[in-house]
Amino acid sequence: MLNANIGSTLFIAPAERIYGQPEVPSSKYYTLRYVLAAALARGTSRVIFPAQSDDSEALFRGCRALGAELTWEDEQQRTLLVRGIGGQTPVNAPVTINVGNAGAVSRLLLGVGALLPEVTFVTDHPESLGKRPNRELLEALTSLGVECEGTGSEGCFPITLHRSQLHGGRVQISGARSSQYLSALLFLGPLLDEGLDITVVDGLKSQPLVRASLDVLQTAGIVVEYDETFLHFVIPGKQQYQAREYVIPGDYPSAATLLALCAASNDPQSEIRLERLRSGEEVGEALLQAFVAMGADLQRDADTITLRGGRRLRGYELDGDAVIDCIPVLVAAACFAEGETRFFNIESLHYKESDRIEDLCRELRKAGCAVMPQSDAIVVQGRPQGVEGGVIVDGHHDHRVLMALAIVGMRSRSGLTLTGAEHIAKSYPHFFEELQRLGVPVRYRD
């Protein structure tokens, strides 16, 4: 079994049968939003089954910097107690928050960080998060009276905010590159005296994640009015987040990786069973529809999903916006389907931890896959017979790219060597150990 402190280079050997019932990590989407809502509330909230990852730790650091108190109720770290700040930070001195490589965390904290008198956001991943743009969010905060000092024309890290003359009112935000900018304002708005009247311009990507934010806000007692287009939001001011008990469901993007791994396997005895995947979630329903369209043998029973491998997969077309974080592993599975698969409406993948269109396709082509990157799409010519592999591929500091490459390594004839494997800890620290338990040989490479 791999040591939990994994090395940076791993070899993924070919495998036939994938079988098991792994524990799906808790949802990153909901962990970040529930914990943040708890940190802003008056009183103590209980967060049950929070995701344990580098991203979670980055958010915990940020919430403590706001003045919230976070402690574990149990030694197994299954329940997190969060004593919130009641909407007003007790911090009076300048603070620095290291957001690691957590893009969603950094954007959410940039919003509520405006409550602090002075805060500097830094990253120890300059080649990944350090290159991601924040310009649109900083422009919106500036219009609300916050003094923002970003790096370069795109507002990259490090970023310093001075609360200065923070106020509410009307504000515009672009939704073209990320929905995280909007979510940042949605969490900040209720705490401003005047509230916020938000107009979204340039369209809105990843609407399911905005719905997740709205769901969490409603559960925390926050009122947000919005129209069916998701382009106009009105948030009354002087609201109070309420302390709650939150139970985190399983994470669909992590589940997508395990399902894609099994779907791509050759052995008809392959089977994977996943529990704690809440039905009715928009991302989850769209993901399962994608697997069905691919021809996977998939069944749902309440919150349990079973997928059997060794089936003939077929090419299809998918609007990827609803499952944007699942696209890399779906691309990997499509590399072994019959015919052509096209994933479109995925331009926002250019602005993730890596360029998940160009970087992913570059590494997949090294392995022998037939993939073509486009400005807002990836086109895959499937090779059901498998690919050669036998090369070194790089994860580009990106956990989603690493997961996709691991799937291809499993179906290659000669395996794949993955560099930068330590970045898997961003969302799924025990992923490679899980692969071993499911039947994929994984070992260190010097």
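**A single residue in close view**

Reply: R61 counts as partly exposed, because its relative accessibility is 37%; the class lies between buried (under 20% relative accessible area) and exposed (over 50%), judged with a 1.4 Å probe and protein chains only. The model is predicted, so local features need pLDDT of at least 70 and side-chain atom pairs count only at pLDDT 80 or more, whereas totals for chains, interfaces and linings use all residues. Residues are numbered from 1 along each chain as its sequence is written, and side-chain values use heavy atoms, with hydrogens and water left out.

R61 belongs to helix α2, which covers residues 54-66; a helix here is a DSSP run of H or I with at least four residues, a strand a run of E with at least two, both numbered from the N terminus. Beyond the neighbours within four places in sequence, R61 is in contact (heavy atoms within 4.5 Å) with N98, V99 and G100. At N98, the side chain of R61 comes to 2.8 Å from the backbone oxygen. V82 lies 21 residues from R61 in sequence, and the two C-alpha atoms are 12 Å apart.

As for the whole protein, 12 helices and 24 strands make up its secondary structure. Of its 446 residues, 61% are buried. Where contacts join residues at least 6 apart in sequence, 75% of them link residues at least 24 apart. Along the principal axes, the C-alpha atoms occupy a box of roughly 60 × 45 × 45 Å.

Terms used. Polar contact = N/O pair within 3.5 Å; in protein donor to acceptor, adjacent residues only side chain to side chain.
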